[in-house]
Amino acid sequence: LHFTYDEEFGGLLGPGWLLRQGLTKPDLLIAAGFSYEVVTAHNGCLQMEVTVHGEMAHAAIPATGVDALQGAVSIMNALYAQNARYREITSRVEGISHPYLNIGRIEGGTNTNVVPGKVVIKLDRRMIPEENAAEVEADIRRIIEEGAAATPGLRVEIKRLLLANAMRPLPGNQPLVDAIRKHGEDLFGEPIPAMGTPLYTDVRLYAEAGIPGVIY
């Protein structure tokens, strides 16, 4: 039994550490589940922090500064426009629809009568199993930089906060899936589907280490 605690932050201090140290070498894994379905795949997650640097100025003479908030709005509009286009990308994994992006936090400015000199945005990009994480990150960086270019004098810093790869089924998990589905149907009297989920979990770390697993 592995009792770990850091899934929301990427799992690298819990199961990631156990796997790297070779302290655990399971043949199969059943991870804590949240539904009657046997979950065999899940989305990945990329979280990023974008710091938009402008130049503060008094609101009475705004032309003497560079409005970081106006630049941030341009960046966010570009990201939201891209988010709408993600609906055109469909996953082949049942239970997973399409990629999506969320801007979950924004902070900045000093006062109502001051042109904001700095704004920080934090975003969350969910990746379907078919996507390549490096390509997704490069594309997000491109969109941010192009959005920032609309405001002369603006400077942006982009930092990755978290990268959790998607979980893809390993061939060796089929006997485990079949057993759970069979006994689940016997017990509940209804078929137990095997499918994906749009969340991300620590199970991907075991899959990346070559250990077949399911969430149930």
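Author: Let's start with Thr 40, which sits in strand 2, residues 38-42. Keep in mind that this is a predicted model.

Reader: Why does Thr 40 count as buried?

Author: Its relative accessibility is 12%. Buried means under 20%, so Thr 40 counts as buried.

Reader: Which residues does Thr 40 touch, leaving out those up to four places away in sequence?

Author: They are Met 167, Arg 168, Pro 169, Asn 173, Val 177, Ala 194, Met 195 and Val 214.

Reader: And Met 76, where does that one lie?

Author: Met 76 lies in helix 2.

Reader: What makes Met 76 count as buried?

Author: The cut-off is under 20% relative accessible area. Met 76 comes to 12%, so it counts as buried. Setting aside neighbours within four places in sequence, Met 76 is in contact with Ile 103, Ile 106 and Ile 121.

Reader: What is in the largest nonpolar core?

Author: That core has 25 residues, and those with the most contacts inside it are Val 52, Leu 79, Ile 121, Leu 123, Ile 140 and Ile 144. At least two residues each come from strand 3 (44-53), helix 2 (68-85), strand 5 (100-108), strand 7 (118-127) and helix 3 (133-148). Helix 3 gives the most, with six residues.

Reader: What does Leu 79 touch?

Author: Not counting residues up to four places away in sequence, Leu 79 touches Leu 101, Ile 103, Leu 123, Ile 140, Ile 143 and Ile 144. There's also a second, separate core of 11 residues, including Leu 19, Val 203, Leu 205 and Ile 215.

Reader: Now the whole protein: how does its radius of gyration compare with that of a compact globule?

Author: For 216 residues, a compact globule would be near 17 Å, but the protein has 22 Å. Along the principal axes, the C-alpha trace spans about 75 × 40 × 30 Å.

Reader: How many helices and strands are there?

Author: The protein has five helices and 10 strands.

Reader: What share of the residues is buried?

Author: Buried residues make up 43% of the 216. As for the accessible surface, it comes to about 11900 Å², and 54% of that belongs to carbon and sulfur atoms.

Reader: What share of the contacts joins residues at least 24 apart in sequence?

Author: Among contacts between residues at least 6 apart in sequence, that share is 79%.

Key. Residues are numbered from 1 along each chain as its sequence is written. This is a predicted model: local features need pLDDT of at least 70, side-chain atom pairs count only at pLDDT 80 or more; totals for chains, interfaces and linings use all residues. Side-chain values use heavy atoms; hydrogens and water are left out. A nonpolar core is a set of buried Ala, Val, Leu, Ile, Met, Phe, Trp, Tyr and Cys residues joined through side-chain atoms within 4.5 Å. Buried means under 20% relative accessible area, exposed over 50%, partly exposed in between (1.4 Å probe, protein chains only). Helices (H or I, at least four residues) and strands (E, at least two) are DSSP runs, numbered from the N terminus. Contact means heavy atoms within 4.5 Å. The radius of gyration is taken over C-alpha atoms; the globule rule is 2.2 Å times the number of residues to the power 0.38. Accessible areas come from the Shrake-Rupley method with a 1.4 Å probe; for residues, only the protein chains shown count as cover.
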